[in-house]
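Work through the exercises below with the sequence and the model side by side. Each task is followed by a stepwise solution.

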Amino acid sequence: MYLDEKNKIDFQSIDFIFNRMIENITNSKNDIFVICEQSRRTYEEMKIELELIKQKLKVVIAKSDTLARQTQMAKQRLVEVSKNFGKYSEEQIREAYELAHDLQMQLSLSEAEEKSLREKRDDLERRLKALYDTIQRADHIVNQVNVVLNYLTSDLKNVGAALEEAKIKHDFGIKIIAAQEEERKKLSREIHDGPAQMMANVLMRADLIERIYRDKGIEEAMKEISELKATVREALSEVRRIIYDLRPMALDDLGIVPTLKKYLSTIMDYNKGVDVHFQSYNSEIRLPSNYEVAIFRLVQECVNNAVKHGSPTEIWVKLEWNKKHLNVIVKDNGRGFDIDEKREHSFGIIGMRERVEILDGSMEIKTKIGSGTIVIFKIPYPNN
């Protein structure tokens with residue numbers, strides 16, 4: 001139904017347009033995703049093929065080297081026989097010639113096979129690089145489309161209601177969407193660079209075990225199986241870590257202090273050589289769920305940054321429960337960094353600042369190269 005054109009907007013028409021637009025964008029994203037996944041499967045198959053060609057090339061090169069030595073020796077024998085014609089029988093001369101000729105033919109065939117395998121290897125490596133670049137571009141496009149879809153579905157799908165509310169909520173929503181998208185990208189990278197790569201390696205090595213068994217015997221195959229089991233265990237540990245990072249279940253049941261103790265203990269388990277010390281002063285105050293999640297994520301981001309970029313041997317996490325606010329202090333003895341220098345992981349700092357601002361808190365970073373890092377959060381309690 002159309003309303004007064006001077007004062008109202010036809011919200012139903014706008015919603016219809018936005019729904020159609022979202023549907024088209026979603027379909028396009030799904031098409032890109034399918035193409036990307038097909039490319040990934042092709043990429044992994046080509047990697048396996050490349051590894052097999054490399055293995056075969058090693059065998060052919062070794063064979064060519066052996067044939068080259070044998071051919072050289074046969075030629076020397078033929079020269080010796082030819083020079084001493086009267087010393088050797090016709091049969092010996094004929095055998096020397098045939099042996100030299102046969103080895104030369106085998107060498108030529110082996111060298112031709114080696115050349116062909118080298119060309120296949122080089123061609124596969126070029127195609128793998130091109131396919132990898134294509135996958136990266138497709139991932140980038142999918143991520144951009146996700147940002148657009150999140151923006152549309154979160155803020156504009158019901159644009160009629162949004163137009164009637166304060167404009168300030170629009171800017172706030174954009175910040176939340178950007179932070180959510182970065183979390184998804186981070187999780188995607190962790191899965192791609194961790195378990196996905198490990199499982200792809202498992203597939204490739206599983207295909208090689210059969211060849212190793214045939215070529216080198218059961219003892220070498222069992223060694224490869226032992227290494228494969230270690231890779232699978234590592235992949236399983238990585239998957240469990242990612243699941244825990246998504247949402248620690250103990251947070252809702254036990255609160256922030258027990259959850260942080262468990263999390264920091266897990267950090268030490270996965271990062272040998274790093275000691276993490278945790279202290280909580282005064283009695284814990286149970287806060288709303290969104291506050292406890294935010295505090296956990298702030299500590300998690302600081303600890304992960306320290307482990308990943310600072311190479312520390314010790315990390316200290318302290319919670320100070322005051323009357324009106326909570327102080328969170330995360331300190332490490334790592335290499336530190338130049339806070340004014342733009343770094344690849346600078347979004348982590350930006351994300352922490354945004355979380356703290358949402359809680360009306362403050363954040364301070366003290367660091368310099370070679371002197372470790374201290375991060376201090378001051379989080380006021382709700383309704384204070």
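Helices (H or I, at least four residues) and strands (E, at least two) are DSSP runs, numbered from the N terminus. The model is predicted, so local features need pLDDT of at least 70 and side-chain atom pairs count only at pLDDT 80 or more, while totals for chains, interfaces and linings use all residues. Residues are numbered from 1 along each chain as its sequence is written, and side-chain values use heavy atoms, with hydrogens and water left out.

**Exercise 1.** List the order of the elements in the protein.

Solution. Step one: count 9 helices and 5 strands. Step two: read from the N terminus, which gives α-α-α-α-α-α-α-β-α-β-β-α-β-β.

**Exercise 2.** Find which helix gives the most to the nonpolar patch.

Solution. Step one: apply the patch criteria, namely residues with over 30% relative accessible area and no salt bridge, with nonpolar side chains (Val, Leu, Ile, Met, Phe, Trp, Tyr) joined within 5 Å and like charges within 9 Å. A salt bridge is a side-chain nitrogen of Lys or Arg within 4 Å of a carboxyl oxygen of Asp or Glu. Accessible areas follow the Shrake-Rupley method with a 1.4 Å probe, and for residues only the protein chains shown count as cover. Step two: the members are Tyr-213, Ile-218, Met-222 and Ile-225, with about 390 Å² of accessible area together. Step three: helix α5 (residues 218-246) gives the most, 3 residues.

**Exercise 3.** Classify Met-222 as buried, partly exposed or exposed.

Solution. Step one: buried means under 20% relative accessible area, exposed over 50%, and partly exposed in between (1.4 Å probe, protein chains only). Step two: Met-222 lies in helix α5. Step three: Met-222 counts as partly exposed because its relative accessibility is 45%.

**Exercise 4.** Identify the residues that touch the most other members of the largest nonpolar core.

Solution. Step one: such a core is a set of buried Ala, Val, Leu, Ile, Met, Phe, Trp, Tyr and Cys residues joined through side-chain atoms within 4.5 Å. Step two: among the 39 residues of the largest core, these are Val-303 and Phe-377. Step three: α8 supplies the largest share of this core, 10 residues. Step four: contact means heavy atoms within 4.5 Å; beyond its neighbours within four places in sequence, Phe-377 has contacts including Leu-298, Cys-302, Met-352 and Val-356.
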